[in-house]
Amino acid sequence: MLLSSDLRIRLGRYQWQTSQMKRGIQKGSRRSKMFGSSLDFSDFRPYQPGDDVRQIDWNVYARTHRHYIKRFLDEQELSLTIYLDCSSSMGLEKEKWQAAKALVAAIAHIGLANDDRVSIIPVSPDNVPFLHKKGVVFSNEMVQQIQTYDPTNNINFFEKLPQYRQRKSMLSFLVSDCLEPVDVMINQLRVVQSHQQLRLVHLLSERELNPVISGDVKLIDVENDSDIVQVSVNRQVLQHYRERLREHCLSLEKQCSERGIGYVRVSSGQSLDDILFLEMRKKGWLA
């Protein structure tokens with residue numbers, strides 16, 4: 001089970017925070033800085049010719065002998081998209097792939113529980129997207145669809161990403177292991193970033209963070225089976241690997257920050273509670 005009943009209840013108490021709100025096709029449950037016709041009172045302003053006389057507050061008129069209009073907070077929906085990296089490296093370890101799918105499901109459930117319009121895009125020709133659904137009633141359908149997703153061979157997530165871009169999205173999450181050159185990833189993210197907020201969830205497995213291999217081994221690139229390296233692994237080699245990985249992650253985080261892209265690095269060994277309620281709340285993404 002990707003999401004337990006208890007976790008769904010707790011997820012429903014939070015909502016995604018974003019500074020970019022714009023009108024959707026239908027009303028949602030989010031309060032914007034604009035004024036509209038919800039039931040939540042904002043303030044009064046003097047009546048002006050052309051205003052709807054039904055909005056005049058006659059109780060205020062009785063006290064002041066002046067006409068004032070009631071103003072209410074507008075309700076807007078957030079268009080939320082989650083892109084899932086379906087490349088071979090994401091599915092090499094079952095724990096990592098399950099963690100990625102559970103994370104996508106949790107992000108989507110928070111949106112559905114807040115009447116956001118949610119789309120899930122598995123970047124792969126073999127998996128079916130979950131498109132433009134709104135309301136917690138679709139949560140079970142969403143989870144069932146995610147459970148059908150499988151990794152796809154010969155897919156480069158960031159290279160293909162612009163082809164799957166949802167142009168009307170206001171907030172997008174990308175769940176990926178980010179095992180590609182930083183400059184390539186950033187260039188592709190810039191294409192997708194236009195007129196929306198991006199948040200990159202960098203998911204690595206415990207074995208990727210701290211490999212426990214030694215001796216003479218053959219390393220095969222799962223994204224390209226023809227790329228094979230013979231190497232003798234010792235403590236110095238592992239230390240060099242960890243340093244290179246750390247530099248890669250820091251460079252990616254720095255360049256994301258410079259371009260206004262949210263970034264968080266997490267491990268498949270972490271619980272969803274830690275990732276969502278600690279890591280993402282600390283970033284100010286969730287409230």
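**Figure 1. Overall composition of the predicted chain.** Among contacts (heavy atoms within 4.5 Å) in the protein chain between residues at least 6 apart in sequence, 74% join residues at least 24 apart. The model is predicted, and local features need pLDDT of at least 70, side-chain atom pairs count only at pLDDT 80 or more, and totals for chains, interfaces and linings use all residues. Residues are numbered from 1 along each chain as its sequence is written, and side-chain values use heavy atoms, with hydrogens and water left out. The protein chain contains 10 helices and 10 strands; helices (H or I, at least four residues) and strands (E, at least two) are DSSP runs, numbered from the N terminus. Of its 287 residues, 46% count as buried, where buried means under 20% relative accessible area, exposed over 50% and partly exposed in between, with a 1.4 Å probe and protein chains only.

**Figure 2. The nonpolar cores.** A nonpolar core is a set of buried Ala, Val, Leu, Ile, Met, Phe, Trp, Tyr and Cys residues joined through side-chain atoms within 4.5 Å. The largest such core has 46 residues, and those with the most contacts inside it are Trp 16, Ile 82, Ile 120, Val 175 and Leu 276. Helix 4 (residues 94-113) gives the most to this core, namely 12 residues. A second, separate core of 23 residues includes Phe 158, Leu 161, Leu 189 and Leu 252. With residues up to four places away in sequence set aside, Ile 82 touches Val 104, Ile 107, Ala 108, Val 118, Ser 119, Ile 120, Ile 121, Phe 173 and Val 175. In soluble globular proteins, nonpolar side chains tend to be buried together.

**Figure 3. The surroundings of Trp 16.** Trp 16 is found in the loop between helix 1 (5-11) and strand 1 (30-46). Its relative accessibility is 0%, and Trp 16 therefore counts as buried. The side chain of Trp 16 reaches the backbone oxygen of Ile 107 at 3.0 Å; a polar contact is a pair of N or O atoms within 3.5 Å, and within protein one must be able to donate a hydrogen and the other to accept it, while residues adjacent in sequence count only if both atoms are side-chain atoms. Trp 16 and Asp 116 are 100 residues apart in sequence, and their C-alpha atoms are 9.4 Å apart in space.

**Figure 4. Packing of helix 4 against helix 10.** Helix 4 and helix 10 (residues 272-282) pack at an angle of about 55°, with their axes 10 Å apart. Axes are lines fitted to C-alpha atoms, for helices over the stretch in contact, and angles run from 0 to 180 degrees between N-to-C directions. The two helices are therefore oblique to each other; angles under 35 degrees count as roughly parallel, over 145 as roughly antiparallel, 65 to 115 as roughly perpendicular and the rest as oblique. Helix 4 passes helix 10 in a right-handed crossing, a crossing being left-handed if the near helix is turned anticlockwise from the far one by less than a right angle, and right-handed if clockwise. Helix 4 contributes Ala 102, Leu 103, Ala 106, Ile 107 and Ile 110 to the contact, and helix 10 contributes Leu 272, Ile 275, Leu 276 and Met 280.

**Figure 5. Packing of helix 4 against helix 5.** The axes of helix 4 and helix 5 (residues 139-147) come within 10 Å and cross at roughly 160°, which means that helix 4 is roughly antiparallel to helix 5. Their crossing is right-handed. On the helix 4 side, the contact is made by Lys 101, Val 104, Ala 105, Ala 108, His 109 and Leu 112, and on the helix 5 side by Ser 139, Met 142, Val 143, Ile 146 and Gln 147.

Figure 6. Helix 7 (residues 182-193) and helix 9 pack at an angle of about 25°, with their axes 10 Å apart, so helix 7 is roughly parallel to helix 9. Helix 7 passes helix 9 in a right-handed crossing. Val 182, Met 185, Ile 186 and Leu 189 of helix 7 meet His 248, Ser 251, Leu 252, Gln 255 and Cys 256 of helix 9. His 248 is placed in helix 9 (residues 235-258) and, at 18% relative accessibility, counts as buried. Apart from residues up to four places away in sequence, His 248 touches Cys 178, Glu 180, Val 182, Met 185 and His 202.

**Figure 7. The loop residue Gln 196.** Gln 196 lies between helix 7 and strand 7 (197-204). This residue is buried, with a relative accessible area of 3%. A polar atom of the Gln 196 side chain lies 2.9 Å from the backbone oxygen of Val 192.
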